[in-house]
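I keep these notes while reading a structure that is new to me. Each entry records what I looked up and what I found.

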Amino acid sequence: MIIRLAETNLKTKFGEYREILFYDGQKESFALVMGDVKDQADVLCRVHSSCIFAHHFNSIECDCREQMEISQQIIQKEGTGIIIWLEQEGKSNGHYALLKSIEHKKRGLSQPEAYEAAGFKKDARDFSPAAKILTDLGVTSITMLTNNPKKVANLSELGITVTGTQPTVL
């Protein structure tokens, strides 16, 4: 289940989007939509998880903020695309897990390994809200803006046709 709660236009430094707020019974998610995406194929799409460090505190210890900006720049250049924001801080383990993982990351572990060393799942994210949002928006297929092949695999398993990827490299 996913329902639309509200929508409005949102002006950003990367153009104007339509913001659509969704609710799945537990969490809110939203889509930023540029252009007409209904019944369109190969729509550029970034599925992005929240990151307090990067988006609120401007941390330089991860690239989450840069990934979002690169995605917005690519969509602005194309003139059409979707960014789906999911509340999944700390790969959906929460901010506490992120804080507890830092000591392990400082010892050279990757972020997923650091979560596991701190007693959490490497990646607890659930991309089913994104799949439901894409279905609600009526796109026929997407080109994912991602460096993560697991997101592609997860969305494909959830019935979304992913025709390709475009990396969001720095």
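Is Cys64 buried, partly exposed or exposed? I found Cys64 partly exposed, at 22% relative accessibility; buried means under 20% relative accessible area, exposed over 50%, and partly exposed in between (1.4 Å probe, protein chains only).

Before going on, I noted that this is a predicted model, in which local features need pLDDT of at least 70 and side-chain atom pairs count only at pLDDT 80 or more, while totals for chains, interfaces and linings use all residues. Residues are numbered from 1 along each chain as its sequence is written, and side-chain values use heavy atoms, with hydrogens and water left out.

I looked up Cys45 next and found it buried, at 0% relative accessibility. I then searched for disulfides (pairs of cysteine sulfur atoms within 2.5 Å) and counted zero.

**Cores.** I looked for nonpolar cores, meaning sets of buried Ala, Val, Leu, Ile, Met, Phe, Trp, Tyr and Cys residues joined through side-chain atoms within 4.5 Å. The largest has 25 residues, and Ile82, Ile84, Leu137, Ile142 and Leu155 have the most contacts inside it. Among the elements giving it two or more residues are strand E2 (15-23), strand E5 (81-86) and helix H5 (128-137). Helices (H or I, at least four residues) and strands (E, at least two) are DSSP runs, numbered from the N terminus. H5 gives the most to this core, five residues. Another core lies apart from it, with eleven residues, including Ile74 and Trp85. I set beside this that in soluble globular proteins nonpolar side chains tend to be buried together.

**Ile82.** I listed its contacts (heavy atoms within 4.5 Å), leaving aside neighbours within four places in sequence. Among them are Val43, Cys45, Ile75 and Leu137.

**Ile20.** I placed Ile20 in strand E2 and found it buried, with a relative accessible area of 0%. Not counting residues up to four places away in sequence, Ile20 touches Arg4, Glu7, Phe30 and Leu137, among others. I also checked Ile20 against Leu44: they are 24 residues apart along the chain, and their C-alpha atoms are separated by 17 Å.

**Positive phi.** Which loop holds Asp39? I found Asp39 in the loop between E3 and E4, with phi near 65°, a positive value in a residue other than glycine. Asp39 is exposed, with a relative accessible area of 54%. Asp42 lies in the loop between E3 and E4 and has a positive phi of about 55°, although it is not a glycine. I noted Asp42 as partly exposed, with a relative accessible area of 43%.
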